[in-house]
Amino acid sequence: MKEFPAFMLQAANAVKSASVSDPLEGFLYEGRDGTQIVLWQCENGGTCATHTHDYDEYAVVLSGTFTGYIGDKFVTMNPGDECHIPAGIPHSGEYTANYRAIDSFGGPRAQYQNS
């Protein structure tokens, strides 16, 4: 599996996993305005339960595949694909082994592991 460079994977920036079925490993970078960028990677794949945010989300897949729903639309995202999820739109899905993505959030989505 390709990985992000080591300097981007510092333990101080690690985020809490959303659930056991969502074993993504994430590393958080925050803007002064409350926006967040999270680098996600997962060696074995997993699922993300249906959820919404009070802010927009933008995602780009770097490796692996994401399949799921954004609102009532079924999507398949392969490397290089990107999407914008407006605030309040339900979304969920599954990601394959060796998945890597970068997500940007217009608000506080992720929490640091050590907080």
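Begin by selecting Leu-24, Val-38, Trp-40, Phe-66, Cys-83, Tyr-95 and Tyr-99, the residues with the most contacts inside the largest nonpolar core, which has 20 residues. Such a core is a set of buried Ala, Val, Leu, Ile, Met, Phe, Trp, Tyr and Cys residues joined through side-chain atoms within 4.5 Å, where buried means under 20% relative accessible area with a 1.4 Å probe, protein chains only. This is a predicted model, in which local features need pLDDT of at least 70 and side-chain atom pairs count only at pLDDT 80 or more, while totals for linings use all residues. Residues are numbered from 1 along each chain as its sequence is written, and side-chain values use heavy atoms, with hydrogens and water left out.

Next, colour strands E2 (36–42), E4 (57–63), E5 (66–70), E6 (73–77), E7 (82–85) and E9 (99–105), each of which supplies at least two residues of this core; strands here are DSSP runs of E, at least two residues, numbered from the N terminus.

Then select Phe-4, Leu-9, Ala-14 and Phe-27, which are among the 5 residues of a second, separate core.

Finally, turn to the largest cavity, with a volume of about 270 Å³, a cavity being a set of points on a 1 Å grid where a 1.4 Å probe fits but cannot get out, with lining residues having an atom within 4 Å of a point. Select Cys-48, Glu-57, Phe-66, Tyr-99 and Asp-103, which lie nearest its centre among the 22 lining residues, and then E9, which gives the most to this lining, with 4 residues.

Notes: Buried means under 20% relative accessible area, exposed over 50%, partly exposed in between (1.4 Å probe, protein chains only). On a 1 Å grid over the protein atoms alone, a cavity is a set of points where a 1.4 Å probe fits but cannot get out, and a pocket is an open set with protein on both sides within 12 Å along at least five of seven lines; lining residues have an atom within 4 Å of a point. Grid points are joined across faces, edges and corners, and a volume is the space filled by probe spheres set on the points.
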